[in-house]
Structure formats: structure tokens, C-alpha cells
Amino acid sequence: MWELISSGGWLMLPIILSSVIAVAIVIERLWALRTSRVAPDNLLGQVWRWIKDGQLDAVKLKTLRADSPLGEILAAGLANSRHGREIMKECIQEAAGKVVHELERYLNTLGTIAAITPLLGLLGTVIGMIDVFSAIMVQGTGNTGVLAGGISKALITTAAGLTVAIPAVFFHRFFVRRVDELVIAMEQEATKLVEVVQGNRDVEFNGGKDNGSSKRTPAAAVAGKGA
């Protein structure tokens, strides 16, 4: 293994470094973009129960905000629900922008690695071929073993670059798709929250329909807590 790396020349160093960074990003994003962490299934139902039971206060909002990215978005809307539907939606959109930015963290780096590692490999091959042709000028074409060995060494960087780039491209597209799915799911949950809190729709949680039959409207219940 070390002989292959050393024969590839100095360009193998940035390719290896890129592979280490790519592996670290993939592991971190696989952990960070879990659905259970970003948008827990029962979170909106829990928030609705807090509202119905009059338990929604500053402490609950702080807990909700720290719980998950979806919780941060919902907390932003609830904290401003007393100002009306439009203000609530604007606050949710602002929080969502920050959350989406966090979900996309390191994806540009992974995409860059996927793009540059084949080019680094190609550059290494070009440099290696230049050395091969220089050897031909000195020794001629009679020594085929030297030429074949030089060409094979020149191609090592290309193989290394593609080995890093192919998984990087796959995971970059996988994570972009995952972020899109999570954003859609959070958008749907936030829309439900706005419409329910502002009294524009009934909602179903855990298979049971809650028609908002508390004495105060949801918006009044939230505002009454000074959220």
C-alpha cells in the first residue's frame, strides 16, 4: 500500500487528505441528519398538548428550542403567535432559514472534494506521463518494462482520485436529498402549527382528532402565557 502511495507522487497527499475529510463529513452528517433528531414524529403533538393544558411557558419554549431543529422552528412561531398569523409565519421562516443552513453544513465541502479529487488525480497522471516521455527521450523505446512501469505509476493518482470522488458524489447527492425531505417535513409541521394556533383548522394527533374545544382559542392560550 505504501509503495502505491509513494509511487503516485506528492499529489497523493492532497487526495488522501481529501478522503479523510470526506469520511469525517459523511459520518458526521449521517448522525446529524437522522429524522428522529431533526424532526421527531410526536413533537407537534406534544406542543399541542402543552397548549391545551396551559403548560406552555418560557421554560417549555426554551426546552423546545433546544430539543431539535424542528423544535427551534416551532418555538420561534409560538413565541410570536400573539402578534398574529403573518408575524408568526415570518418568524418561522427566519428560524427555518437558520435551521436549513445548519442542515446543509459541510455539504459544500463534500461537493468540492467530489469535484476536485478527479482533477488532482488527472494532474498527477499528466505529470507522470511527462516523466515517462522524458525517459523515452533519454532511453528510447527499447526498454518496455521501464515504460510500462512509468505509465502504471502515472495512472495511480487518477485511480486514487476516482476512488475518493465516486463515494463523495454519491453521499453529497444523498445528503442533499435528505435535507430536502427534512425541510419539506418541517414545513408541513410548521404550517399545521400556524393554522391550529391561529384557530384556522382542526388537527389530528396520534390518530385521535382534537377539535380545539378548550375554553380559550389556541392563540389566546399561547398569548396568555406570555410566550
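Author: This is a predicted model. In the contact of H4 with H6, Leu43, Leu44, Val47 and Ile51 of H4 meet Leu70, Gly71, Leu74 and Leu78 of H6.

Reader: What makes these residues a contact of H4 with H6?

Author: Contact means heavy atoms within 4.5 Å. The H4 residues Leu43, Leu44, Val47 and Ile51 meet residues of H6 in that sense. By class, the contact has seven nonpolar residues, one polar and no charged. Gly counts as polar, and Gly71 is among the H6 residues here.

Reader: Why is H4 called roughly parallel to H6?

Author: The axes of H4 (residues 43–52) and H6 cross at roughly 30° and come within 11 Å. Angles under 35 degrees count as roughly parallel, so H4 is roughly parallel to H6. H4 passes H6 in a right-handed crossing.

Reader: What makes H5 roughly parallel or roughly antiparallel to H6?

Author: For H5 (residues 58–67) and H6 (residues 69–79), the axes cross at roughly 150° and come within 6 Å. Angles over 145 degrees count as roughly antiparallel, and therefore H5 is roughly antiparallel to H6. The crossing of H5 with H6 is left-handed.

Reader: Which residues of H5 and H6 meet, and how do they divide by class?

Author: H5 supplies Leu61, Leu64 and Arg65, which meet Gly71, Glu72, Leu74, Ala75, Ala76, Leu78 and Ala79 of H6. They divide into seven nonpolar, one polar and two charged. Arg and Glu count as charged, and the list includes Arg65 and Glu72.

Reader: How do you know which direction term applies to H6 and H7?

Author: H6 and H7 pack at an angle of about 155°, and their axes are 7 Å apart. With over 145 degrees as the cut-off for roughly antiparallel, H6 is therefore roughly antiparallel to H7. Their crossing is right-handed. On the H6 side, Pro69, Glu72, Ile73, Ala76, Gly77 and Leu78 take part, and they meet Met88, Cys91, Ile92, Ala95, Ala96, Lys98 and Val99 of H7. This contact has ten nonpolar residues, one polar and two charged.

Notes:
Residues numbered from 1 in each chain as written. Predicted model: local features only at pLDDT ≥ 70, side-chain atom pairs only at ≥ 80, totals over all residues. Heavy atoms only, no water. Axes fitted to C-alpha atoms, helices over the stretch in contact; angles between N-to-C directions. Helix = DSSP H or I, 4+ residues; strand = E, 2+ residues; numbered from the N terminus. Parallel < 35°, antiparallel > 145°, perpendicular 65-115°, else oblique. Left-handed = near helix turned anticlockwise from the far one by under 90°.
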